Amino acid sequence: VMELMQQTITPATNQLWSAYRGPSTPAEWRAMEEAAVTLLAASSLTGAGGTGPMDNAWAAEPAWQGFNAAMIAAGRAALDASRNQDLDALLAAGDILLPPCEGCHQQFNPAVINGQ
């Protein structure tokens with residue numbers, strides 16, 4: 001799960017959070033859509049656990065499942081917003097995404113929050 005977070009989810013969420021710059025070209029909107037699809041696909045995997053020493057135990061935790069469900073909801077909202085080229089909705093999706101990301105990191109990987 002750590003590798004999935006670092007290599008897939010982090011770039012996708014960073015792309016979505018960059019929406020405050022206001023995507024305007026078809027390529028920029030396509031990049032937002034791709035990031036949302038990537039986030040949705042990766043969220044399906046994080047909900048199932050992984051091969052790391054704690055991945056499956058964490059994935060079984062109700063808090064993990066709640067954070068993961070919120071990440072999926074944000075990804076769906078971002079996908080719809082991107083496809084509709086709706087900047088306000090895309091920004092709102094980013095706002096939905098932030099709390100589960102921070103909450104999950106605080107509970108399951110506080111080193112990320114502390115910059116380690």
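A polar contact is a pair of N or O atoms within 3.5 Å. The legends below describe a predicted model.

**View 1. The start of helix 5 carries a side-chain-to-backbone approach.** A side-chain oxygen of Asp86 comes to within 3.2 Å of the backbone nitrogen of Asp88. Helix 5 runs through residues 87-108.

**View 2. Helix 5 spans 32 Å from first C-alpha to last.** Its 22 residues give a reach close to the 32 Å expected at 1.5 Å a residue. Buried positions in helix 5 are Leu90, Ala93, Gly94, Leu97, Pro100, Cys101, Gly103, Cys104 and Phe108. An α-helix has 3.6 residues a turn, so residues three or four places apart point the same way.

**View 3. The largest nonpolar core holds 28 residues.** Those with the most contacts inside this core are Ile9, Leu16, Leu39, Trp64, Ala78, Leu90 and Leu97. Helix 1, helix 2, helix 4 and helix 5 each supply at least two of its residues. Leu90 is in contact with Leu16, Ala19, Pro23, Trp29, Met32, Ala78, Ala81 and Ser82, leaving aside neighbours within four places in sequence.

**View 4. Helix 1 and helix 2 pack with their axes 8 Å apart.** The angle is about 145°. The crossing is left-handed.

**View 5. Phe67 of helix 4 touches Pro100, Gly103, Cys104, Gln107 and Phe108.** That list does not count residues up to four places away in sequence. Phe67 and Thr10 are 57 residues apart in sequence, and 15 Å apart in space, C-alpha to C-alpha.

Conventions
Residues are numbered from 1 along each chain as its sequence is written. This is a predicted model: local features need pLDDT of at least 70, side-chain atom pairs count only at pLDDT 80 or more; totals for chains, interfaces and linings use all residues. Side-chain values use heavy atoms; hydrogens and water are left out. A nonpolar core is a set of buried Ala, Val, Leu, Ile, Met, Phe, Trp, Tyr and Cys residues joined through side-chain atoms within 4.5 Å. Buried means under 20% relative accessible area, exposed over 50%, partly exposed in between (1.4 Å probe, protein chains only). Helices (H or I, at least four residues) and strands (E, at least two) are DSSP runs, numbered from the N terminus. Contact means heavy atoms within 4.5 Å. The expected span of a helix is 1.5 Å times one less than its number of residues. A polar contact is a pair of N or O atoms within 3.5 Å; within protein, one must be able to donate a hydrogen and the other to accept it, and residues adjacent in sequence count only if both atoms are side-chain atoms. Axes are lines fitted to C-alpha atoms, for helices over the stretch in contact, and angles run from 0 to 180 degrees between N-to-C directions. A crossing is left-handed if the near helix is turned anticlockwise from the far one by less than a right angle, and right-handed if clockwise.
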